[in-house]
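These are my notebook entries on a model that I went through chain by chain, with the cut-offs written beside each term.

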Amino acid sequence: MTVRRSPPIPPLSLAVAAAVLALPPASPAAAASRVHTIIIDKMKFGPAPAGIHTGDTIIWVNRDMFKHSATARDKSFNVDLPPNSRGKTLIRHSGTIAFYCIYHPGMTGSLSVAK
Amino acid sequence: MINKLVLCGACALLMLSGPAIAQKAAAPNDAEIAHIAYTAGQLDEDAGKQALARSHNKAVRSFAETMIRDHGAVNAQALALVKKLHVTPQDNATSEALTKQAKEKARELGKLSGSAFDRAYIQNEVAFHRTVNGALKTTLIPSAHSTELKSLLETGLTLFEEHQKHAEQLAAKLR
């Protein structure tokens, strides 16, 4: 009786497999970008959500009868928000991003963005 | 017959730097309040239009555009509300006094140009908003009977307080 043997596994393939197994499991939360909402009402920005990461999107909802903007002081975004409208911003960098309304400079807020 | 309180309100509105009149009298009714608030908004829109016609300063022009847009939005809401409430805004001594004073100021500003105009316009915006905000807080909002009118006046006050701060910041930069 003839026993058929599998071909030997090349040492390089073994090394790659070992390296892959050694990696920590991918975190689904880290991989998927998320959408956060900030409401503007009665001449105020609502609280900035926690847990913002680069690649996430901010939806700005303007519930006022007045035109507003969400404008980053570092110029990384500038969204014009007509009355009762919404707009969005893709967050591209980490850190603290201060923002304000260019039409009503007393309206301010800040985003805390992790990598 | 001239309503004493409305006259009182007119004095308080006009006395930009003087002491407010403490005398108490009958409160203005909703029709008078609506007229005063609408008139104040319209006058500031007109002042904004004058600024756009005379000023070349980017910050001043941007401020004027915001005044025209914001006061226009509040007044559009006010018109819709009085229609809904079947209230006919009633002309009164305060509205007339505000209008008279604004016309005089517009004539005065019309003689200025360049940075002199910019400074005078913004200083007047500070004074105008301070006066109207004071009247809203002490007389108009407390006297409003309709909850919807009161709510609109409160929204207006939040907005106009922001306008006042904005004007104060600009005035400091234009000195």
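Entry 1, chain A. I looked up the secondary structure of chain A and found 2 helices and 9 strands, where helices (H or I, at least four residues) and strands (E, at least two) are DSSP runs numbered from the N terminus. Read from the N terminus on, the elements of chain A run α-α-β-β-β-β-β-β-β-β-β. I note that this is a predicted model, in which local features need pLDDT of at least 70 and side-chain atom pairs count only at pLDDT 80 or more, while totals for chains, interfaces and linings use all residues. Residues are numbered from 1 along each chain as its sequence is written, and chains are lettered from A and ligands numbered from 1 in the order in which they are written.

Of the 115 residues in chain A, 19% are buried; a residue is buried if 20 or more other C-beta atoms lie within 10 Å of its own, exposed if 12 or fewer, and partly exposed in between, with C-beta atoms placed from the backbone. Among contacts in chain A with a separation of 6 or more, 44% join residues 24 or more positions apart, a contact being two C-beta atoms, placed from the backbone, within 7 Å.

Entry 2, the chain contact. I counted 12 residues from chain B and 10 residues from chain A in the contact. On the side of chain B that touches chain A, α3 and α6 of chain B are the elements that give two or more residues, and α6(B) gives the most, with 7 residues. By class that side has 2 nonpolar, 6 polar and 4 charged residues, where Ala, Val, Leu, Ile, Met, Phe, Trp, Tyr, Cys and Pro count as nonpolar, Asp, Glu, Lys and Arg as charged, and the others, Gly among them, as polar.

After α3(B) comes B:His86, with a positive phi near 55°.

The axes of α2(B) and α3(B) come within 8 Å and cross at roughly 155°, with axes fitted to C-alpha atoms, for helices over the stretch in contact, and angles running from 0 to 180 degrees between N-to-C directions. The two helices α2(B) and α3(B) are therefore roughly antiparallel (under 35 degrees counts as roughly parallel, over 145 as roughly antiparallel, 65 to 115 as roughly perpendicular and the rest as oblique). The contact of α2(B) with α3(B) has 12 nonpolar, 6 polar and 5 charged residues.

For α2(B) and α6(B), I found axes that come within 11 Å and cross at roughly 25°, which makes α2(B) roughly parallel to α6(B). Here B:Asp30, B:Ile33, B:Ala34 and B:Ala37 in α2(B) meet B:Leu149, B:Leu153 and B:Gly156 in α6(B).

I looked up B:Thr99 in helix α4 (residues 93-110) of chain B; B:Thr99 is partly exposed, because 16 other C-beta atoms lie within 10 Å. Not counting residues up to four places away in sequence, B:Thr99 touches B:Thr39 and B:Leu43.
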